[in-house]
Amino acid sequence: MSEPGIKSKPNYPGLEPDTSARQHLLIGEADGAGSLARTLDGLIGTANEDTITVLYTPGDGSDHSSTLTAARYPTPTISAQLEDVITAMQGVLRDARMGTRMYVAGSEPFIWAVIRAARELGMAEAAIQRERCGLMGRSVICVHCKTTAWRVSTTIYQCPGCELHLFVRDHFSRRWGVYQGVCVDAEAPGEVPEPEELEP
Amino acid sequence: MILSQQAKIPVRVTGVERVTPSIKTFTFEREDSAPLPSFSGGSHIVVEMRGGERTYRNPYSLMSPPEDYPSAYQISVRCDDQGRGGAQYMHERVREGDEMTISGPANLFPLTVTAPRHVLIAGGIGITPFLAQLHELRQRGLAYELHYQYRDAEGAAFRDRLAARFGDQTRFYESGRDQYVDPTAILADQPLGTHAYVCGPAGLTQAVHEAAAELGWPARNVHSEEFAAPPPGKPFKVVLERSQREVEVPANASALEAIEEAGIQPSCSCRGGSCGQCEQTVLEGDIDHNDHFLSDEAKARNSSMMICVSRARSDRVVLDL
């Protein structure tokens, strides 16, 4: 039950070491560790190690931090949760200059929480690479009460804020980093179709 | 950004000031003293020059402060020995009190006003759009710096005015004394979110784009404006397939100008190869592209041309017009 013709649904081309950048900030969640390690393999040797920063959290997913603590990599900052990663990232970006490249690997809600906070500090979205991996599910904002649900995995869900049954649209707000959920039984209250698994 | 053929505005020349031996500033006001359309920093107008051996229509950046409903517009025109007809016309024929026709303003070179910091790099007469933008930046309280390079003190239009008003944020470079803008040095240490703007000779524009790419700047953070003067070339014939007309393009006029002389008005705006409005589908012919709008791949495909500045290598071009 996806909506054809919606262009705002983001894509995730994957991480590619960009040697034109002067500073590299790698940020990963859970299974994203593998993508960060591959990116580091490409950067080490061409980029000065002082210019590389690695931030990682297992988040709600599995912990692969040992992939990143290998001796050949710069020492990563490992945090317990997303909020700590964002705080660490803000510390790096406040002093960063133009020419900084970010590489973000993790679940979709994680990627967009990072992008949102980075943009506020002047990072251009064009300078942020992204690779989606790990837990599925979308961040969805209820258009009625504005409550955001963090990992919605079905086409219809009940809003934790206003308890309406919401249909998850493919329309994505880059600004807020969320999909849109709209009341599914507004015309015929109580007639809620059977939820299906969301496409990734 | 309004790109359709602009409304024509009748104006009177209310001021002509020689700023340097080769640069004159012209002030235009409406005949009925009504306000002119508002504009943002970086906008240009097209000035129509009639009564010479032929009509010229040249784009010039507005340099006066961008304010709501301004009573006057100001432009500056540089005329050197190689000057094409339009600049020469402005310098030699236009006098205070003359009636002229201009287009409404259009902006192909706007500030990204959501950005916190702005680096402006001007070469020579390329300073004009920045004169308007500096006012806008100051009004909006945004951080900026200006780098202005000119050949010699005599060619340094507005240097003293800039030094007086924006001096602490401005650096001057006199190329005649071997002082050159160094784009890499300027762009290397800018905070996140900075946007850079360049207006000047093609070499300077290219150097700024290259330095930014080398330093890892996203392409979208670098802006440039360069109006190409339609270069002269060998004459050729344009066949307008849909209009069933044939137009001869002489050596010293552009295809657009020749088509207009023939009484047809194709859509156009900047007349300098920047805006893309006059793009025409090429059905036949080999094009010598001179614009800054089409990508290199599109130019190689030869399937369209900007008739304001591009010419033909072949003797004949067939357009879907």
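Student: How much area is buried between chain B and chain A, and what share do carbon and sulfur atoms give?
Tutor: About 1,200 Å² is buried between chain B and chain A, with 58% of that from carbon and sulfur atoms. Buried area here is the accessible area (1.4 Å probe) that two parts lose on being put together, summed over both. This is a predicted model, where local features need pLDDT of at least 70, side-chain atom pairs count only at pLDDT 80 or more, and totals for chains, interfaces and linings use all residues. Residues are numbered from 1 along each chain as its sequence is written, chains are lettered from A and ligands numbered from 1 in the order in which they are written, and side-chain values use heavy atoms, with hydrogens and water left out.

Student: How many residues does each chain put into the contact?
Tutor: Chain A puts in 16 residues and chain B 13 residues, contact being heavy atoms within 4.5 Å.

Student: Which side chains meet in a salt bridge there?
Tutor: A:Arg97 and B:Asp189, at 2.7 Å from N to O. The count between the two chains is one salt bridge, defined as a side-chain nitrogen of Lys or Arg within 4 Å of a carboxyl oxygen of Asp or Glu.

Student: And what is the class make-up of chain B's side?
Tutor: The side of chain B that touches chain A has six nonpolar, five polar and two charged residues. Ala, Val, Leu, Ile, Met, Phe, Trp, Tyr, Cys and Pro count as nonpolar, Asp, Glu, Lys and Arg as charged, and the others, Gly among them, as polar.

Student: New topic. What domains does chain B have?
Tutor: The assignment gives domain 1 (8-107), domain 2 (117-225) and domain 3 (236-319). Such bounds come from an automatic or database domain assignment.

Student: How far apart are the C-alpha centres of domains 1 and 3 of chain B?
Tutor: They lie 26 Å apart. Nine residues of domain 1 and ten residues of domain 3 take part in their contact.

Student: How much do those two domains of chain B bury between them?
Tutor: About 750 Å², 37% of it on carbon and sulfur atoms. On the domain 1 side, B:Arg54, B:Arg57 and B:Pro59 supply 58% of the area buried against domain 3, more than any other three residues.

Student: What does the side chain of B:Arg57 meet in a salt bridge?
Tutor: The side chain of B:Glu260, at 2.7 Å from N to O. The rule finds one salt bridge across this domain interface of chain B. By class, the side of domain 1 of chain B that touches domain 3 divides into three nonpolar, two polar and four charged residues.
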